[in-house]
Amino acid sequence: MGCDGGTIPKRHELVKGPKKVEKVDKDAELVAQWNYCALSQEILRRPIVACELGRLYNKDAVIEFLLDKSSGKALGKAAAHIKSIKNVTELRLSDNPAWEGDKGNTKGDKHDDLQRARFICPVVGLEMNGRHRFCFLRCCGCVFSERALKEIKAEVCHTCGAAFQEDDVTVLNGTKEDVEMLKSRMEERRLRARLGKKVKKPKAAESVSKPDVSEESAGPSKIKVGKPEETSLDSREKKINPAPKSAAAANASSSGKAGKPPCGAPKRSIAASEESEAYKSLFTSHSSAKRPKEESAHWVTHTSYCF
């Protein structure tokens with residue numbers, strides 16, 4: 001039953017009280033948010049991208065996640081709202097000249113100052129270590145501190161000069177309230193994009209169908225519609241005065257080329273033509289092709305033209 005050898009148990013060993021809530025170290029949390037990728041948990045390295053909720057990622061990690069969306073990845077929940085590479089923005093970060101990194105820590109005996117950040121605000125000079133609020137512009141990807149945007153109010157980016165609106169400003173690693181606000185903005189933006197695509201599809205279908213309708217209506221538009229009396233008079237005039245031959249038909253007849261005769265024209269005999277006798281002898285209507293009855297054989301034996 002225990003208590004052998006004269007051991008005396010204490011009260012906290014016998015009575016189990018309520019568990020203490022483990023508090024997360026704020027410094028460690030800030031280091032994890034601002035120095036490590038939210039998807040792969042690796043150190044952030046360029047190119048660095050940010051999602052519409054203000055989380056930082058490595059671009060190659062996002063591409064791998066989009067190519068292989070397996071359910072076994074527990075960290076995939078942090079990027080479940082990323083549907084394509086268009087949902088992230090590549091950041092333009094300003095390097096901190098005072099940050100040395102691992103250059104001076106070759107032996108491993110140097111203290112790493114976690115408050116020293118790799119990047120700073122290009123306007124005010126504040127370090128991007130989580131102690132100050134930072135945001136980026138979705139239109140160009142430039143990163144500034146919130147203090148710089150408040151002190152220097154402008155509708156143009158401070159570094160590249162691109163125009164932006166309030167909807168383009170996204171807070172990096174914001175609070176729960178900031179994340180909820182950014183999430184509602186994201187949903188509204190995607191809903192507007194879907195509605196815009198649905199509106200464009202009917203317009204494209206109408207533009208494709210309009211040329212077909214115009215081609216079909218082109219035929220009947222050429223027909224002149226008049227009074228029945230005028231149409232009957234025109235038909236009578238056409239019957240009395242037949243249309244003259246075209247110039248192309250006259251040229252063809254003068255050149256000697258045989259063309260199709262008109263419907264009502266009489267057939268021209270070759271015997272009455274002015275062609276040479278050699279040309280006329282090629283046809284069966286010529287006198288040389290006609291044989292007397294004595295020379296012609298009976299139809300049962302063979303034809304008269306096969307000798």
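Glutamate 90 is partly exposed, with a relative accessible area of 42%. This value, like the others here, is computed from a predicted model. The cut-offs are 20% for buried and 50% for exposed, so 42% falls in between.

Glutamate 90 has a salt-bridge partner, lysine 59, with the closest N and O atoms 3.4 Å apart. Lysine 59 sits in helix 3 and glutamate 90 in strand 3 (residues 89–90), so the bridge ties together parts 31 residues apart in sequence. Lysine 59 is also partly exposed, at a relative accessible area of 24%.

The model holds 13 salt bridges. Side chains of opposite charge can pair when their charged atoms come close.

Aspartate 167 takes part in a bridge with arginine 185, at 4.0 Å from N to O. The aspartate lies in the loop between helix 4 and strand 8, the arginine in helix 5, so parts 18 residues apart in sequence are tied together. Aspartate 167 is partly exposed, with a relative accessible area of 25%. Arginine 185 counts as partly exposed too, at 24%.

Aspartate 167 also meets arginine 192 in a salt bridge, at 3.9 Å from N to O. Arginine 192 is in helix 5 as well, so this pair ties the loop between helix 4 and strand 8 to a residue 25 places away in sequence.

Is glutamate 52 buried or exposed? Its relative accessibility is 9%, so glutamate 52 counts as buried, the limit being under 20%. Glutamate 52 is placed in the loop between strand 1 and strand 2.

Two arginines reach its side chain. Arginine 189 makes a side-chain polar contact with glutamate 52 at 3.0 Å. Arginine 190 makes another with glutamate 52, again at 3.0 Å between side chains. Beyond four places in sequence, the residues in contact with glutamate 52 include Asn87, Arg138, Thr170, Leu182 and Met186.

Glutamate 52 and aspartate 167 belong to one network of salt bridges, together with Arg185, Arg189, Arg190 and Arg192.

## The nonpolar core

The largest nonpolar core numbers 40 residues. Those with the most contacts inside it are Tyr57, Leu91, Met128, Phe134, Val143 and Leu172. Several elements each supply at least two residues, among them helix 2 (26–35), strand 1 (48–50), helix 3 (59–67), helix 4 (146–151) and helix 5 (176–222). Strand 6 gives the most, with 4 residues.

## The aromatic pair

How many aromatic pairs are there? The count is 1. Its members are tryptophan 34 and phenylalanine 134, with ring centres 6.4 Å apart and planes at 70°, so the geometry is edge-to-face. The angle lies over the 60 degrees that edge-to-face requires. Tryptophan 34 belongs to helix 2 and phenylalanine 134 to strand 6; the pair links distant parts of the chain, 100 residues apart. Both tryptophan 34 and phenylalanine 134 are buried.

## Asparagine 173

Asparagine 173 is in the loop between strand 8 (169–171) and helix 5. Its side chain reaches the backbone oxygen of glutamine 33 at 3.3 Å. With residues up to four places away in sequence left out, asparagine 173 touches Gln33, Trp34, Gly54, Arg55 and Leu56. One of these, Trp34, is the tryptophan of the aromatic pair.

Methods. Residues numbered from 1 in each chain as written. Predicted model: local features only at pLDDT ≥ 70, side-chain atom pairs only at ≥ 80, totals over all residues. Heavy atoms only, no water. Core = buried A, V, L, I, M, F, W, Y, C linked by side-chain atoms within 4.5 Å. Buried < 20%, exposed > 50% of the residue type's maximum accessible area, 1.4 Å probe, protein only. Polar contact = N/O pair within 3.5 Å; in protein donor to acceptor, adjacent residues only side chain to side chain. Contact = heavy atoms within 4.5 Å. Phe/Tyr/Trp six-rings, centres within 6.5 Å; stacked < 30°, edge-to-face > 60°. Salt bridge = Lys/Arg side-chain N within 4 Å of Asp/Glu carboxyl O.
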